[in-house]
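Thank you all for coming. Let me put the sequence and the model on the screen, and then I will go through a few places in it, one after another.

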Amino acid sequence: MGKALVLGGGGVAGVAWETALLLGLRDAGVDLTDADLVVGTSAGSVVAAQITTGNDLAELYEAQLVAPEQTGELAVEFDTDAFTATLVELLSDRPAPQELRRRLGEVALAADTVPEADRRRVIEARLPVHQWPDRKVVVTAVDAATGEFVAFDADGGASLVEAVGASCAVPGVWPPVTIGVRRYIDGGVRSTINADLAAGHDRVVVVAPFAWGIAGPVDDEVAELRASGARVAVVTADEAAQAAFGPNPLDPATRRPAAEAGRAQGAAVAATVAEVWR
C-alpha cells in the first residue's frame, strides 16, 4: 500500500507542463514528490528522474523558462498527421498489442534520425543527477525488435540516463537507445501512462499531458486501478495547456508557455488532488 505518482508522456511540452503542475500543487500545499512510487513514461520519465534525485521543483520550473536556443534541446519536426497515418496502417489487420509495438519498433529502427550519441547528450543535460535515486522509480520502455514491454528500475540493468533516453525515444523521430545488446523505444508505445505499474498502492495520482494514447484513453487504465480499491485522481492538460502545446509538443519553444499553463493548472486542481493524496 502507499502513494504512487504516475507521470505520462508528452514531449518537451509535457516535461515543462508536468514540472510546473507539480510546483503549482506544492505551492497550494499538495506535494506529490513524497510518493512511495513514481512511474515515468516518456516525458514523465524525465520528470520522475528529476524530482526523485534531489532537484527542487522551483529550480526545475525556472529551467523551463529559458529561451529555446539556450536549452541544448534538439529541434525536430513532428508531423502528427503522418504519425497517425502510419499508426492506422499498422493497425489495419488488428495486430495483438505486442505485435503492434514490434511494428513500431521496426519503423523506429529504419528511421533516419540524429545520431544516438547526440540524443544521449540531450538526455544527460536534462538530468542534473545521473544515478538512480534511493526511492522506488520505474521508467518504461519497449524492446524495438520484439515489442516486449520493459519496466526499468535501479536493479534493471540500465543506467538512469539509458532508461530515460529509451523511454523518450519516439519512434520515427528519435533513435532507439542501445542498452546492452538490445535497442529500446518510447514506453508510450505501450501506454501513455502505464498506470498498471501502480497496482497495489491505495492512493494514486496520474499526471498525463494527454488523455489518450496508442492503447486508448487513460480512463481505461484508471478504471482498473479504481476497481482494485485504489483512490485515483487524474490530471490531464486543460484548454490553456493544450493551446500551449500546439501542433508539435516536441518543439522546445513550447516549454515556457506549457510551464506557465501547468503552474496555473496545478493551483486550480489542488483541492481535488488533495482529496486523494492526503
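Where is the place of asparagine 194? Before I answer, please keep in mind that what you see is a predicted model. Asparagine 194 sits in the loop that runs between strand E6 (182-186) and strand E7 (203-208), and its phi is positive, at about 50°, although the residue is not a glycine. For those new to this, most residues other than glycine have a negative phi.

Is serine 42 buried or exposed? With a relative accessible area of 7%, serine 42 counts as buried, because the cut-off for that word is under 20%.

Let me turn now to the nonpolar interior. In soluble globular proteins, nonpolar side chains tend to be buried together. In this model the largest nonpolar core has 60 residues, and those with the most contacts inside it are Leu5, Trp17, Leu32, Phe152 and Val205. Apart from that core lies another, of 16 residues, and among them are Leu37, Ala198, Ala208 and Val232.

If we stay with valine 205 for a moment, and leave aside residues up to four places away in sequence, then it touches Ala4, Leu5, Val6 and Leu32, and also Ala233, Val273, Val276 and Trp277.

Helix H7, which covers residues 160-167, is mostly covered, since seven of its eight residues are buried. Those buried residues are Leu160, Val161, Ala163, Val164, Gly165, Ala166 and Ser167.

How many cavities of 30 Å³ or more does a search of the whole structure find? The search finds one, and the space in this largest cavity is about 110 Å³. Its lining is made up of 14 residues, of which Gly11, Val12, Arg119, Arg126 and Leu250 lie nearest the centre of the cavity. Helix H1 (11-27) and helix H6 (116-126) each supply at least two residues of that lining. By type, the lining residues divide into eight nonpolar, two polar and four charged.

That is where I will stop, and I am glad to go back to any of these places on the screen.

Note on methods: Residues are numbered from 1 along each chain as its sequence is written. This is a predicted model: local features need pLDDT of at least 70, side-chain atom pairs count only at pLDDT 80 or more; totals for chains, interfaces and linings use all residues. Side-chain values use heavy atoms; hydrogens and water are left out. On a 1 Å grid over the protein atoms alone, a cavity is a set of points where a 1.4 Å probe fits but cannot get out, and a pocket is an open set with protein on both sides within 12 Å along at least five of seven lines; lining residues have an atom within 4 Å of a point. Grid points are joined across faces, edges and corners, and a volume is the space filled by probe spheres set on the points. Helices (H or I, at least four residues) and strands (E, at least two) are DSSP runs, numbered from the N terminus. Ala, Val, Leu, Ile, Met, Phe, Trp, Tyr, Cys and Pro count as nonpolar, Asp, Glu, Lys and Arg as charged, and the others, Gly among them, as polar. A nonpolar core is a set of buried Ala, Val, Leu, Ile, Met, Phe, Trp, Tyr and Cys residues joined through side-chain atoms within 4.5 Å. Buried means under 20% relative accessible area, exposed over 50%, partly exposed in between (1.4 Å probe, protein chains only). Contact means heavy atoms within 4.5 Å.
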